[in-house]
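Please examine the sequence and the structure shown here. The report then turns to a sheet, a surface patch and a set of charged pairs.

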Amino acid sequence: MRRLLDSRPSPAMVVALIALFVALGGSGYASISIKNGSLPGKKLKRNSVTGKQVKESTLATVGRARNADTAGTAITATRAANAGQLDGLSRSDFVRRGCGPDTGQIKGIVTVTASPTFSSTFTEVAGYNCSGKTIEVRRLSMGRYEIRFNDNPTTEAVMTPREAGAFAHESGVFPEAAGSFQANTSTAVAFADVSFTLIAL
């Protein structure tokens with residue numbers, strides 16, 4: 001018995017044997033092959049994987065991030081739609097398009113270049129007519145013209161000269177029918193062909 005007790009390993013031997021066993025066990029563990037995809041995510045240390053280890057092309061789009069691709073376009077489209085509205089109304093709602101006698105808007109504008117050679121029969125001229133129809137003018141005689149805003153309901157108009165120092169004597173504009181006016185132009189002493197602008201109200 002004493003011989004058995006005397007043959008016990010020394011503490012240094014025990015430490016050496018433990019180190020040997022650990023080394024052998026570690027090598028054996030390291031030699032085990034880990035199959036692809038067999039390591040669960042919970043075995044990984046939190047935040048230990050970085051972009052270097054991740055192949056970005058294999059990642060799917062995050063649900064909310066998918067909306068970010070079109071966010072810029074959506075904002076621009078919304079602003080464009082809002083720009084065309086005021087207090088929810090379309091910009092076209094703020095344009096007075098009515099041609100009734102009581103709408104309060106200018107119902108017609110025309111500039112007549114007066115001349116002794118101006119046609120004595122109705123001739124279409126450029127201008128604005130709220131009805132969308134044509135404007136016709138004819139020369140009646142020296143300094144006297146007839147203007148028709150076709151299908152225009154107004155019977156009121158004002159006239160301004162296009163030449164300095166004009167319009168005296170019997171100058172004026174006189175309604176003849178709805179949308180039809182006679183304009184007289186004259187100098188201080190007599191009727192004269194003076195260019196003018198007529199505004200139907």
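The model is predicted.

An open sheet is formed by four strands in the order E5-E3-E11-E8, with antiparallel pairing. Strand E5 (127-129) and strand E8 (157-161) are its edge strands, each of which pairs on one side only. On average, neighbouring strands of this sheet are turned by 20° against each other, direction ignored. Within the sheet, E3 is joined to strand E11 (residues 196-200) by five bridges, and valine 112 stands opposite phenylalanine 196 in E11.

Strand E3 covers residues 108-112 and includes isoleucine 109. Isoleucine 109 has a relative accessible area of 32% and is therefore partly exposed. Together with Ile106, Tyr128, Val158 and Leu201, Ile109 forms a nonpolar patch on the surface, with about 380 Å² of accessible area in total.

Side chains of opposite charge can pair when their charged atoms come close. The structure holds four salt bridges, including those in the table.

| Aspartate 151 | Lysine 133 | 2.5 Å |

Aspartate 151 is exposed, at 58% relative accessibility, whereas lysine 133 is partly exposed at 44%. Aspartate 193 is buried at 14%, and arginine 139 is buried at 15%.

Technical notes: Residues numbered from 1 in each chain as written. Predicted model: local features only at pLDDT ≥ 70, side-chain atom pairs only at ≥ 80, totals over all residues. Heavy atoms only, no water. Patch = residues over 30% accessible without salt bridge, like charges linked within 9 Å, V, L, I, M, F, W, Y side chains within 5 Å. Areas by Shrake-Rupley, 256 points an atom, 1.4 Å probe, with all protein chains shown as cover. Salt bridge = Lys/Arg side-chain N within 4 Å of Asp/Glu carboxyl O. Helix = DSSP H or I, 4+ residues; strand = E, 2+ residues; numbered from the N terminus. Buried < 20%, exposed > 50% of the residue type's maximum accessible area, 1.4 Å probe, protein only. Pairing = 2+ DSSP bridges. Axes fitted to C-alpha atoms, helices over the stretch in contact; angles between N-to-C directions.
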